[in-house]
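Load the model in your viewer and follow the selections below in order. Each stop says what to select and what is there.

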Amino acid sequence: MKLSQRGVTLIEMLVVVAILGIMSAITYPSITAGLDSLRLTTACDDVANVVAAAQNFAERRQRTVEVRITPRSVEATAEGLNRRLSLDPALTIAGEPRSIFVDPAAPLPGIAVDIFTKRGSRRSLKIDPISGAAEIR
């Protein structure tokens, strides 16, 4: 081989590609778990925001707001309010569809929502009926 010939041989390139493939295969599960965790936390925050908006609207306008929770969405409706949150297709809210009424003259009803991924990861959102504070577990 002459000194003027420089470059990468096919075998060297295959070794590098194999190492990258092995590293990708090792890190893939932790990356997907991190994405699931991020999706769940974001969904819990979004659900809590819809409930907080319903409570805020009920107090300011002195109107009862209905919050409907289905496996695919959360919706707050009243005259003059229509907030809808559609979940990421990889997420599902556990349980049967239900309605919660936020009354301006009463404390917020206690709300608990479990959100699952298709892989089985889960987060629980509980909203305290007295303070209205959201707790994600």
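Select Ser73 and show its surroundings: leaving out residues up to four places away in sequence, Ser73 touches Arg68, Arg84, Leu85, Ser86 and Ile93, where contact means heavy atoms within 4.5 Å. Ser73 sits in strand E2; helices (H or I, at least four residues) and strands (E, at least two) are DSSP runs, numbered from the N terminus. Ser73 counts as buried because its relative accessibility is 6%, with buried meaning under 20% relative accessible area, exposed over 50% and partly exposed in between (1.4 Å probe, protein chains only).

The model is a predicted one, in which local features need pLDDT of at least 70 and side-chain atom pairs count only at pLDDT 80 or more, while totals for chains, interfaces and linings use all residues. Residues are numbered from 1 along each chain as its sequence is written, and side-chain values use heavy atoms, with hydrogens and water left out.

Move to Val74. With residues up to four places away in sequence again not counted, Val74 touches Val47, Val50, Val67, Arg68, Ile69, Arg83, Arg84, Leu85 and Ile93. Val74 is also one of the residues with the most contacts inside the largest nonpolar core, alongside Val65, Val67, Ile69 and Ile115. That core has 28 residues; a nonpolar core is a set of buried Ala, Val, Leu, Ile, Met, Phe, Trp, Tyr and Cys residues joined through side-chain atoms within 4.5 Å. Two or more residues each come from H1, strand E1 (65-69), strand E2 (73-78), strand E3 (81-86), E4, strand E5 (98-102), E6 and E7. H1 gives the largest share, 10 residues.

Next, colour the sheet with the order E3-E2-E1-E5, an open sheet of 4 strands with antiparallel pairing; two strands pair if DSSP finds at least two bridges between them. E3 and E5 are at its edges with a single partner strand each, so one side of each has no neighbour in the sheet. On average, neighbouring strands here are turned by 15° against each other, direction ignored. Within this sheet, 5 bridges pair E1 with E5 in the antiparallel sense, and Ile69 stands opposite Arg98 in E5.

Which strands does H1 lie across in this sheet? H1 lies across E1, E2, E3 and E5 and runs at about 170° to E3. Axes are lines fitted to C-alpha atoms, for helices over the stretch in contact, and angles run from 0 to 180 degrees between N-to-C directions.

Now select the other open sheet, whose 4 strands have the order E4-E6-E7-E8 with antiparallel pairing. Strand E4 (91-93) and strand E8 (134-136) are its edge strands with a single partner each, so one side of each lacks a neighbour in the sheet. From one strand to the next the twist averages 20°. Helix H1 (residues 10-61) lies across E4, E6, E7 and E8 as well, at about 20° to E7.

Zoom in on strand E6 (residues 111-117) and strand E7 (residues 122-127), antiparallel and joined by 6 bridges. Phe116 stands opposite Arg122 in E7, and Val113 has Leu125 as its bridge partner in E7. The hairpin of E6 and E7 has 4 residues between the strands, and Gly120 there takes a positive phi near 100°.

Continue to E7 and E8, which run antiparallel and are joined by 3 bridges. Leu125 stands opposite Ile136 in E8. This hairpin has 6 residues between its strands, and Gly132 in the turn has a positive phi of about 80°.

Finish with the charged side chains: the structure holds 9 salt bridges, each a side-chain nitrogen of Lys or Arg within 4 Å of a carboxyl oxygen of Asp or Glu.

- Select Glu75 and Arg68: their closest N and O atoms are 3.2 Å apart. Glu75 is buried at 14% relative accessible area, and Arg68 is partly exposed at 30%.
- Select Asp36 and Arg39: their salt bridge is 3.5 Å, N to O. Both lie in helix H1, 3 residues apart, about one turn of the helix. Asp36 is buried at 5% relative accessibility, and Arg39 is partly exposed at 32%.
- Select Arg137 and Glu135: the closest N and O atoms of this salt bridge are 3.0 Å apart. Arg137 is exposed at 54% relative accessibility, and Glu135 is partly exposed at 41%.
- Select Asp36, Arg39, Asp88 and Arg119: salt bridges that share partners join these residues into one network.
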